[in-house]
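Here are my notes on this model. Please read them with the structure open.

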Amino acid sequence: MSARSLNKVMLIGNLTRDPNMRYTPNNNTPVCSFGLATNRDWMDEGGARQERTEFHNLVAWSKLAEICGQILHKGDKVYVDGRMQTRDWKADDGSQRRTTEIVLENMILLRSVQGRSESEASYMSEIEATGASQEDVLVDQMPEVEEVAEEVAAEVAEEAAEEKANEDDIPF
């Protein structure tokens with residue numbers, strides 16, 4: 001059996017800025033980038049509550065990029081999953097630059113139009129009722145989130161297949 005590896009990132013957090021929608025110059029492929037903040041809470045040895053915020057750069061391509069660009073806004077709570085990617089480039093001043101970003105495969109908006117979604121309200125009430133940590137509750141809910149993410153991925157794949165079929169019908 002050959003050695004395998006896994007590059008999978010799953011995050012729930014809040015957008016730090018509005019998505020930046022643009023198109024590649026060569027083939028006009030949609031690409032959307034935005035930032036996401038995730039928080040971690042814990043108690044230190046002295047019993048004091050600690051919090052650390054991590055900031056992540058996210059990139060979505062094609063149909064998912066268009067969706068992100070249309071419905072996401074700064075402050076929105078989202079679930080995302082994808083793969084981590086590091087890329088290098090040369091800056092205008094000639095210096096070498098490097099960035100690490102998460103290339104999205106799925107995105108789920110975790111709020112309704114009215115504000116807090118049912119899943120977010122359930123999540124918050126479970127934390128308040130049980131005193132569980134956010135990580136414990138998220139681990140318990142992860143199968144549900146993964147199921148929804150798989151449904152979204154299937155819908156996006158189906159839409160892409162339909163678009164491809166429609167492109168094949170064009171006579172020129």
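**Notes on the helix, the core and the sheet**

1. Start with the cover over α1. The elements lying over its buried residues include β2 (20-23), β3, β4 and β6. Keep in mind that this is a predicted model.

2. Which residues of α1 are buried? Leu64, Ala65 and Cys68 are. They sit on the same side of α1, because their arc around the axis spans only 105 degrees. In an α-helix, residues three or four places apart point the same way, because there are 3.6 residues a turn.

3. Beyond its neighbours within four places in sequence, Cys68 contacts Pro19, Cys32, Phe34, Ala60 and Met107.

4. Cys68 also counts in the largest nonpolar core, which has 17 residues. Phe34, Cys68, Val80 and Leu104 have the most contacts inside that core. Two or more core residues come from each of β1 (9-15), β3 (30-43), β4 (49-61), α1 (62-71), β5 (77-90) and β6 (96-109). In soluble globular proteins, nonpolar side chains tend to be buried together.

5. Now the strand pairing. β5 and β6 are antiparallel, with 13 bridges between them. Five residues separate the two strands in their hairpin, where Gly94 has a positive phi near 90 degrees.

6. How do β4 and β6 run? They are parallel, joined by two bridges.

7. Check Val103 in β6 from both sides. Val103 is the bridge partner of Val59. Val103 also stands opposite Arg83.

Terms used
Residues are numbered from 1 along each chain as its sequence is written. This is a predicted model: local features need pLDDT of at least 70, side-chain atom pairs count only at pLDDT 80 or more; totals for chains, interfaces and linings use all residues. Side-chain values use heavy atoms; hydrogens and water are left out. A nonpolar core is a set of buried Ala, Val, Leu, Ile, Met, Phe, Trp, Tyr and Cys residues joined through side-chain atoms within 4.5 Å. Buried means under 20% relative accessible area, exposed over 50%, partly exposed in between (1.4 Å probe, protein chains only). Helices (H or I, at least four residues) and strands (E, at least two) are DSSP runs, numbered from the N terminus. Contact means heavy atoms within 4.5 Å. Two strands pair if DSSP finds at least two bridges between them. The arc is that of the directions from the helix axis to the C-beta atoms.
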